[in-house]
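Here is a friendly briefing to read alongside your viewer. Please keep the coordinates open as you go through the points.

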Amino acid sequence: MSTNRFTVTTDDRLSVVDITERVRDAIPDAAEGTCTVFVRHTTAGITVNEAEPRLLGDLGDALGALVPDSGWDHDELDGNADSHVRAMLVGSSETIPVRDGDLDVGTWQSVLLVDCDGPRERAVDVVVTD
């Protein structure tokens, strides 16, 4: 098993960042098995999908349409309930097959960090198991 961590800095309140190459760099040469990518925050998520810029914008728009910015009980505490709910919909991790030291993903699949409460610095763990 190998574990690596890297950070991603986001610029906007809701940001979708392609982290595929950073994940690939964290995988040991010739590794075989699975790779779990986990974001260590309750207002961010990880997903696998196409990294086409318009689609990434559509994802942000869809999350905004599904989860209104305000009107939540948790907002009385810190004003970011929408970020927590959006991140729960995305999920905090993805597990991806690894072959020959690389992600075994489809042609258009990328690993995406979805930050729902930026701008922030986010820690991402990459755990590879045989």
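Asparagine 4 has valine 126, in strand 8, as its bridge partner. Bear in mind that this is a predicted model.

**Strand 1 and strand 8**
- Strand 8 covers residues 121-129 and pairs with strand 1 in the antiparallel sense, over eight bridges.
- A further pair of facing residues is phenylalanine 6 and valine 124, the latter in strand 8.

**Strand 3 and strand 8**
- Strand 3, residues 33-39, is joined to strand 8 by six bridges, and the two run antiparallel.
- If you look at phenylalanine 38, you will find aspartate 125 of strand 8 as its bridge partner.

**Helix 2: span and faces**
- Helix 2 runs over residues 53-66, and its 14 residues reach 20 Å from the first C-alpha to the last, close to the 20 Å expected at 1.5 Å a residue.
- Three residues of helix 2 are buried, namely Leu56, Gly60 and Leu63.
- Viewed down the axis of helix 2, these buried residues fall within an arc of 65 degrees, so they line one face of the helix.
- On the face turned away from that buried side, helix 2 carries the exposed residues Arg54, Asp61, Ala65 and Leu66.
- The packing partners of the buried residues of helix 2 are strand 2 (15-18), helix 4 (81-90) and strand 7 (110-115).

- Is arginine 86 buried or exposed? Arginine 86 has a relative accessible area of 3%, which is under the 20% cut-off, so this residue counts as buried.
- Leaving aside residues up to four places away in sequence, arginine 86 touches Leu14, Leu63, Gly64, Val67, Pro68, Asp69 and Cys116.
- One of those contacts, Leu63, is also among the buried residues of helix 2, and helix 4 is one of the elements that the buried residues of helix 2 pack against.

Methods. Residues are numbered from 1 along each chain as its sequence is written. This is a predicted model: local features need pLDDT of at least 70, side-chain atom pairs count only at pLDDT 80 or more; totals for chains, interfaces and linings use all residues. Side-chain values use heavy atoms; hydrogens and water are left out. Two strands pair if DSSP finds at least two bridges between them. Helices (H or I, at least four residues) and strands (E, at least two) are DSSP runs, numbered from the N terminus. The expected span of a helix is 1.5 Å times one less than its number of residues. Buried means under 20% relative accessible area, exposed over 50%, partly exposed in between (1.4 Å probe, protein chains only). The arc is that of the directions from the helix axis to the C-beta atoms. Contact means heavy atoms within 4.5 Å.
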